[in-house]
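Please examine the sequence and the model together before reading the explanation.

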Amino acid sequence: MARQQERARRTRAAIVEAAAVEFARRGYAAASVNTILEGSHATKGAMYFHFESKEDLARAVLAEALGKYTEAIDYWKRVDADPFQVLHAIIVELSERFASEVIVQAEFRLIIEPEFYSDVRAGGSQVWGHTAHELVLRAQREGLLRPGADPAVFSRVLGACLAGQRYMVDMTTDSTGLTDRFEEAFEVLLEAMASEEWLARWHRDGWQDLAPLAAAAAEAAAARKNVENDAETGGDQPI
């Protein structure tokens, strides 16, 4: 039974991965179920055992992408550092995931399809967008925004700029990397809305490498989760 469940899990994961490849390449409407089956090495019966339709499969891809966004954002939220530096680290990670993870690429293609407009309000952009807004609010509380600067405007314009940069990279032959484009948009916004004191410090020191802090935060979170799991199960009992 356990072996069958594991085989079913692997089959489902392979189908989702193959679907992501097809959706990322061709979009939802043009995506071929037969191509997805070929890519996953699954039978049509296996696919329809797990998914009722191509739309159901696309929503599974969206859910998988949401999980990846949530996983990525959660450990950055635990990093105790300058909020603009943390936001920069999040933006860089997003750009890297767009470049390397087909699930994230597929999500970006799917949410521009009419069938999935409503998913924009609950998708990955909302996960990172909400965190970005919290960081900008913290920056305001710490005096890192210029007087009168509106955190809501900052967050809204940042989201629009990053989405626009993502589309432009796809639509043009510009060889500039997505990370550079994302950083460019963020830095223009900072020049307009960050405090003079913050800008002077940033011009002097540049962007920080927060990866060690993020790794430490992730390790601490994993340790806490293990302790909680042990508490729930009573820990390992000697035989």
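Predicted model: local features only at pLDDT ≥ 70, side-chain atom pairs only at ≥ 80, totals over all residues.

Residues are numbered from 1 along each chain as its sequence is written, and side-chain values use heavy atoms, with hydrogens and water left out.

Helix 1 (residues 2–30) packs against helix 4 at an angle of about 100 degrees, with the axes 9 Å apart. Helices here are DSSP runs of H or I with at least four residues, numbered from the N terminus. Axes are lines fitted to C-alpha atoms over the stretch in contact, and angles run from 0 to 180 degrees between N-to-C directions. Helix 1 and helix 4 are therefore roughly perpendicular, a term that covers 65 to 115 degrees. Helix 1 contributes Arg12, Ile15, Val16, Ala19, Ala20, Phe23, Tyr28 and Ala29 to the contact, and helix 4 contributes Lys54, Glu55, Leu57, Ala58, Ala60, Val61 and Glu64; contact means heavy atoms within 4.5 Å. These residues divide into 11 nonpolar, no polar and four charged, where Ala, Val, Leu, Ile, Met, Phe, Trp, Tyr, Cys and Pro count as nonpolar, Asp, Glu, Lys and Arg as charged, and the others, Gly among them, as polar.

The largest nonpolar core has 68 residues, and those with the most contacts inside it include Phe23 and Val61. Helix 4 supplies the largest share of this core, nine residues. Such a core is a set of buried Ala, Val, Leu, Ile, Met, Phe, Trp, Tyr and Cys residues joined through side-chain atoms within 4.5 Å; buried means under 20% relative accessible area, exposed over 50% and partly exposed in between (1.4 Å probe, protein chains only). Not counting residues up to four places away in sequence, Val61 touches Val16, Ala19, Ala20, Phe23, Ile103, Ala106 and Leu110.

Ile103, Ala106 and Leu110 are among the buried residues of helix 6. Seven of the nine residues of helix 6 (residues 102–110) are buried, so this helix is largely enclosed by the rest of the structure.

Two loop residues complete the account. Phe51, between helix 3 (44–50) and helix 4 (54–77), is buried at 2% relative accessibility. Leaving aside neighbours within four places in sequence, Phe51 is in contact with Arg12, Ile15, Val16, Asp56, Leu57 and Ala60. His41, in the loop between helix 2 (33–40) and helix 3, is exposed, with a relative accessible area of 75%. His41 has a positive phi of about 60 degrees although it is not a glycine; most residues other than glycine have a negative phi.

Methods. Parallel < 35°, antiparallel > 145°, perpendicular 65-115°, else oblique.
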